[in-house]
Structure formats: C-alpha cells, structure tokens
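Trainee: Could you take me through this structure slowly, one question at a time? I would like to see how each answer is reached.

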Amino acid sequence: MHYSRMLIPTLKEDPAEAEVVSHKLMLRAGMIRKLAAGIYSYLPLAKRTFNKVEQIIREEMNRAGAQEVTLPSVQPSDIWQESGRWDIYGKELLRFKDRNDRDFCLGPTHEEVITDLVRREIKSYRQLPLILYQIQTKFRDEIRPRFGLMRGREFTMKDAYSFDIDEGGAEESYNQMFQAYNQIFERCGLEFRAVEADSGAIGGSFSHEFMVMADSGESAIVSCYSCNYAANLEKAEAKHSNPNFQEKESALAKEFQKVHTPDRKTVEDVTCFLKVSPKDLVKTLIYETDKGAVAVLVRGDHEVNEIKVKNLLDCSYLNLAQDERIMEITRAPIGFAGPVGLKTRIVADNAVSEMSNFITGGNEKDTHLINVNLRDFRVDTFADLRVVTKDDLCPRCNGKLRFSRGIEVGHVFKLGTKYSETLGATFLDANGREQSIVMGCYGIGVGRTVAAAIEQNHDENGIIFPIPIAPFLVSILPININQKEVKDASEDIYLSLSERGYDVLFDDREESPGIKFKDADLIGIPIRLTISSRTLKNGMVELKLRKTGEVIMVKKEDVVAEVGRHLNGE
RNA sequence: CGGGACAUGGCUCAGCCCGGUAGAGCACUGCGUUCGGGACGCAGGGGUCGGGGGUUCAAAUCCCCCUGUCCCGACCA
C-alpha cells in the first residue's frame with residue numbers, strides 16, 4: 001500500500017480523552033476514532049490488525065472442529081424472557097421496540113440465540129457433539145465504558161458454544177477450546193497465562209480466564225513460580241498449613257480478659273495501642289446477606305475475600321453491614337465487634353484456627369478482649385475465606401507465589417444445562433430417553449486482545465506490534481522521494497516484497513524524514529527499510545527492527561531474503 | 001447511581017477570577033526553498049466559544065437549567 005493513499009490520521013499529541021497507553025496509542029496511530037462513549041470506528045490500520053487476529057482465531061477454531069456461523073445482533077425479547085434473563089439483565093441490556101411495538105435488544109451475548117437454534121435443529125445424540133462460533137459485534141451498555149477498546153460498549157467478540165451429550169463430552173469440548181485458546185494467544189505473539197477463575201454457582205474448576213500479562217491490567221493474578229498453577233486473585237486458594245494446630249496449643253491457652261481501648265477502632269489503632277502485631281488479632285466483620293447477618297473472622301493482617309464468603313454461604317447478596325445494624329448485632333459501635341458472645345452465625349478463615357491467646361473486639365464501646373481462644377466462642381464453619389497474601393505458598397506445590405496483573409482477553413467456562421434446560425434444548429440418547437444438552441461457552445474479546453497487545457508491546461515512541469498481528473510487516477521509507485535513484489530503488493523493493501506476499505507500507509509521502517520516522521515508529525511496523533542516496537551509492541539500504549532498534553545494512557539485492565529471515569524470527 | 005473535573009478552529013491549549021465582541025502552537029491550502037528523527041520563508045482558509053434561558057448598553061467571561069466527555073468509587077462478567 002502507498003501511504004499517501006491510506007487513511008492513517010496520526011496525531012502528534014496525546015488526545016485529552018485518553019488515559020491508558022493503548023487507548024492513547026491507538027488514537028495517535030490513527031487506528032480508531034470515537035463516535036460516542038465506548039463506541040469506536042475502526043480505521044484501516046486497526047481493521048488490518050483485527051483481520052489478522054480474527055484469521056488466527058478462525059484457523060484455530062476450525063482446527064478444533066468448531067464451525068463458524070453468524071447470529072443476529074438484534075434479538076427478540078421472547079427468548080430472553082424464556083431464559084429468564086430479560087428481567088435479570090438490567091440496564092446493560094440495550095432494549096428497544098420495533099415498528100410493531102415488539103420488544104427487542106442488542107445482543108450482549110448469544111446464549112439465547114444459539115440455544116434456540118440448536119433446540120430446533122438438534123434432536124439426536126447422533127448429531128452431537130457440536131461446537132459453533134462467530135466473530136461478531138456485541139453491545140453492552142456498560143455503566144462506565146473506559147480505556148478505549150479495553151472496555152467499550154460496542155465491541156468485537158468471538159464467542160463459541162459447545163453442545164455435548166454428557167458431562168464427559170462437555171469436558172472434552174472444554175479441553176479442546178482450552179487448547180485452541182492457548183494456540184490463539186501464542187500465535188498472536190502475546191505473553192499470557194490461563195488462570196483459574198471463579199465459576200460462581202456453577203462450581204468446579206471449569207472456568208479459566210486468559211490473561212495477557214500487563215501491569216496496567218484490571219485483574220490481579222496469582223501464579224506459582226514453580227508449577228503451572230495460576231488463578232485470579234479472587235479465586236486463588238490460601239493453603240491451610242496446619243489443620244491440627246489447635247489441639248497442641250490449647251494447653252497453653254490463658255483466660256481472656258477485657259482491656260480498655262478508648263477510640264481504638266482499626267486494627268492499626270489497636271495493635272499500636274497494645275503493642276502487638278496484627279497477626280495477634282482477629283478481625284470480626286459483620287456482613288448482611290440474603291440469608292441473614294453473618295460474622296466473618298480473619299486474622300488481623302488478612303483481608304476477607306468476599307467471593308469466597310459468598311460461595312461458602314451460597315448467597316447472592318453480601319455486603320458489609322451498616323453502622324446501626326452493627327450496633328444491633330454486637331451492641332457496640334463499629335470497631336469493637338468480636339466473636340465472644342455473638343449470637344449470629346460465625347464463619348472463620350482457616351488461619352484463625354491456628355491462633356491462640358489472640359485479641360478481639362469486646363462487643364462493648366472502647367473495649368477489646370485479650371487472650372481469647374477458640375474455646376471461648378463458637379465458630380459454625382472454618383473455611384478458606386481470605387485473600388491470598390505474599391506470605392502464602394502455592395496450594396498445589398508449596399512453591400513461591402508471584403503476584404501480577406493481567407488483562408482478561410478470553411474466558412472459557414462450562415455452562416452445564418443452565419440454558420438447555422430453561423430453553424428446552426434436548427436430544428434423544430441411545431436409549432431413546434430425552435436429555436438436556438450439556439453446554440459450554442467460550443469468548444475472546446478481539447479489540448481487547450489488540451489493546452492488550454499494545455499495552456504489552458510499546459515504548460516511548462509508539463506501538464511495537466508483534467509480527468503476527470502487525471497491520472503491515474515492512475515499511476519502506478525513502479528519505480527524499482524526489483531523487484530518482486531513491487524513488488526507483490524504493491519502488492523496486494516495494495514490488496519485490498509485495499510479490500512475495502508481504503504486507504508492505506510504502507511511505508511515498510512528500511514529507512520530511514523526521515515525520516516519516518516518527519510515524520513509522522508510532523504505528524509500530526516491525527521492519528523498516530530506509531532508502532537514501534547516501535547508502536544507495538554503495539548499493540545498500542538500511543533495515544531497522546522496531547522491537548530492538550537494531551540497525552542492519554543490507555545489500556539492495558539481498559533485501560527480500562533478509563526481510564524474510566527476520567519475519568521468520570531468525 | 002454517588003463524588004470530582006472539563007467542554008473555545010481538525011488536535012493540544014490560553015483567554016473566564018476582573019464583562020467591551022476571540023488568540024497561540026501544531027495541522028490544513030498555494031508558491032518557493034529544503035530532505036537521516038515531528039524543516040524554513042511568504043501568502044491564505046477555517047471558530048453557532050457544547051445547547052437553552054437569564055442579568056447587562058454589552059457575555060467565551062457572571063447566574064440558572066440541560067447535554068456530552070473524562071477520572072475515582074459503587075456495579076457487572
């Protein structure tokens with residue numbers, strides 16, 4: 001392509017509206033333009049990169065036996081009513097009426113549509129398993145769209161759905177998709193990790209998020225230095241080191257006593273005042289849930305993991321209780337709650353079971369208890385209820401844990417029969433019995449993958465595209481296109497590279513060299529060939545690698561071979 | 001939904017406090033000179049100052065309402 005003919009409106013300055021680096025760079029590189037909050041136009045450069053990512057996705061999905069379809073983005077309310085999500089989904093679901101006053105929505109996801117399709121067409125176990133996928137625009141009316149393509153309202157997503165006759169089959173489909181996802185992100189040239197994710201009410205380990213590692217990522221990840229364990233921070237298990245601790249220590253237990261702790265409400269206040277470590281204290285947090293009030297106990301230096309509490313209690317609503325409620329339950333103002341004498345249900349983190357002679361709130365204003373022991377109160381359940389810390393070891397292999405951040409670009413999880421049951425997607429098994437199809441669903445955010453690639457691969461000069469998803473592989477940059485020998489040589493090289501099938505951007509603009517250099521760096525093309533009379537008189541052209549900055553002088557005749565060598569990663 | 005900020009030419013921003021009829025840099029057009037890291041000269045074009053209302057002889061500037069955008073939080077997968 002000739003640069004002069006392409007729409008690549010680069011920006012010299014950072015746009016005021018962008019905060020994160022991928023957003024800034026995509027705007028500056030002329031890849032995207034905003035139409036409304038969270039809604040973007042994709043310009044030619046972005047479209048090229050999207051196409052490359054989508055092509056990789058298609059190849060890997062097809063290889064895994066999935067078949068591509070396109071489902072409607074405008075969906076009637078009927079199927080959403082049927083699945084029960086019309087009422088549950090809330091304002092994120094953009095609803096509207098057609099001319100006949102019938103309710104419709106813009107599809108934020110396609111479980112309903114695909115399940116409807118499959119229930120009509122699949123009748124027999126002989127037709128299963130089946131995996132269908134599409135690459136399509138989704139719309140979610142996010143409360144707060146932000147960070148450019150990272151969290152838009154309209155976005156491109158690959159979503160796949162698997163249909164199997166039983167759990168075993170579903171597991172197999174899941175594994176196939178899991179493998180395909182590894183291939184996809186590998187091929188995109190990204191540093192990523194599949195992490196175990198919270199699968200909520202569905203349970204089991206059948207949910208993984210694919211995270212592109214980046215410090216700017218929205219999700220916290222815990223991974224093991226020694227083995228391949230990796231999990232979402234909210235899912236990561238805290239290893240319970242010594243379950244038999246209590247019996248050994250109980251002999252040394254002292255009698256608890258009240259101490260006066262005026263206005264010492266926080267862990268920090270109390271530990272400073274009593275000159276002890278947070279590890280000697282038990283925090284008592286009162287939560288309000290749809291199943292009544294609950295006291296959650298964790299060690300003073302630990303944080304409650306609300307997701308774990310939610311899963312343990314199997315409740316849908318969980319929130320810290322308001323001041324008045326705490327007063328009601330503990331008979332003390334906030335900051336002095338403790339388990340001793342508490343009437344509500346008490347659940348405690350495993351670490352608490354290893355403590356003795358600890359400090360708790362006294363359920364009385366300005367009062368704490370010291371030398372409290374487990375025998376002094378009743379715990380209904382001990383469980384893993386806290387957020388993993390840097391002191392924890394890998395729950396699988398006892399290795400050291402690494403804390404990092406990532407951008408969620410893919411999510412695979414087993415749906416089970418949730419939708420097939422509510423929508424009646426059934427088949428007849430070999431014995432002629434009617435069964436619900438077992439489903440799985442698998443998403444990849446295409447735009448988010450591109451944004452994540454940029455978050456992970458950039459420098460102060462701009463984007464550094466991984467070769468597999470670069471909009472162009474080579475840019476040809478003539479220093480002064482008005483000099484005949486420069487122009488001829490540039491065109492020559494352009495033609496021979498193009499003939500080889502490489503995507504080449506020929507910067508034929510009559511701009512000063514500085515502008516061309518800056519633009520080439522900004523849009524992140526992996527290889528740059530600089531053509532100037534200076535080197536040409538020795539029969540050479542300059543090849544520069546965007547990623548390393550390495551400059552190599554190459555004989556004009558060898559350019560094609562040399563470019564090929566670098567693109568093949570040699 | 002709660003809190004905060006912003007809205008002036010295509011972009012980045014000044015002007016607003018203290019009212020007097022709109023500016024800079026970049027970008028753009030033409031001509032000429034230049035050509036290895038965002039060149040130079042000359043000559044140009046382009047703005048309902050987000051929208052509506054009010055105060056005033058006079059509003060980008062002061063007051064009220066609305067809309068949009070961004071940030072933090074809550075929310076969500």
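Trainee: By class, which residues make up the surface near RNA strand B?

Mentor: In this predicted model, a residue is near the strand if one of its heavy atoms lies within 4 Å of it. Ala, Val, Leu, Ile, Met, Phe, Trp, Tyr, Cys and Pro count as nonpolar, Asp, Glu, Lys and Arg as charged, and the others, Gly among them, as polar. By these classes, the surface near RNA strand B holds ten nonpolar residues, seven polar ones and 19 charged ones.

Trainee: How should I read the numbering, and what limits apply to a predicted model?

Mentor: Residues are numbered from 1 along each chain as its sequence is written, while chains are lettered from A and ligands numbered from 1 in the order in which they are written. Side-chain values use heavy atoms, without hydrogens and water, and because this is a predicted model, local features need pLDDT of at least 70 and side-chain atom pairs pLDDT 80 or more, whereas totals for chains, interfaces and linings use all residues.

Trainee: Which helix gives the most to the surface near RNA strand B?

Mentor: Helices (H or I, at least four residues) and strands (E, at least two) are DSSP runs, numbered from the N terminus. Strand E1 (32–36), helix H14 (513–523), strand E29 (527–531), helix H15 (533–536) and strand E30 (540–545) each supply at least two residues of that surface. The element that gives the most, with seven residues, is H14.

Trainee: Which base atom of RNA strand B does the side chain of Asp521 approach?

Mentor: Asp521 is among the residues that come nearest to RNA strand B, together with Ile143, Arg144, Ser532 and Glu542. A polar contact is a pair of N or O atoms within 3.5 Å; within protein, one must be able to donate a hydrogen and the other to accept it, and residues adjacent in sequence count only if both atoms are side-chain atoms. For Ser532, a side-chain N or O atom is 2.4 Å from a base oxygen. For Asp521, a polar side-chain atom lies 2.4 Å from a base nitrogen.

Trainee: Are helices H1 and H12 roughly parallel or roughly perpendicular to each other?

Mentor: Axes are lines fitted to C-alpha atoms, for helices over the stretch in contact (heavy atoms within 4.5 Å), and angles run from 0 to 180 degrees between N-to-C directions. Angles under 35 degrees count as roughly parallel, over 145 as roughly antiparallel, 65 to 115 as roughly perpendicular and the rest as oblique. The axes of H1 (residues 21–28) and H12 (residues 446–456) come within 8 Å and cross at roughly 105°, and the two helices are therefore roughly perpendicular.

Trainee: Which residue in the turn of the hairpin of E1 and E2 has a positive phi?

Mentor: E1 and E2 (residues 39–42) pair in the antiparallel sense over four bridges, and Arg33 stands opposite Ser41 in E2. The hairpin has two residues between its strands, and the turn residue with a positive phi, about 75°, is Gly38.

Technical notes: Pairing = 2+ DSSP bridges.
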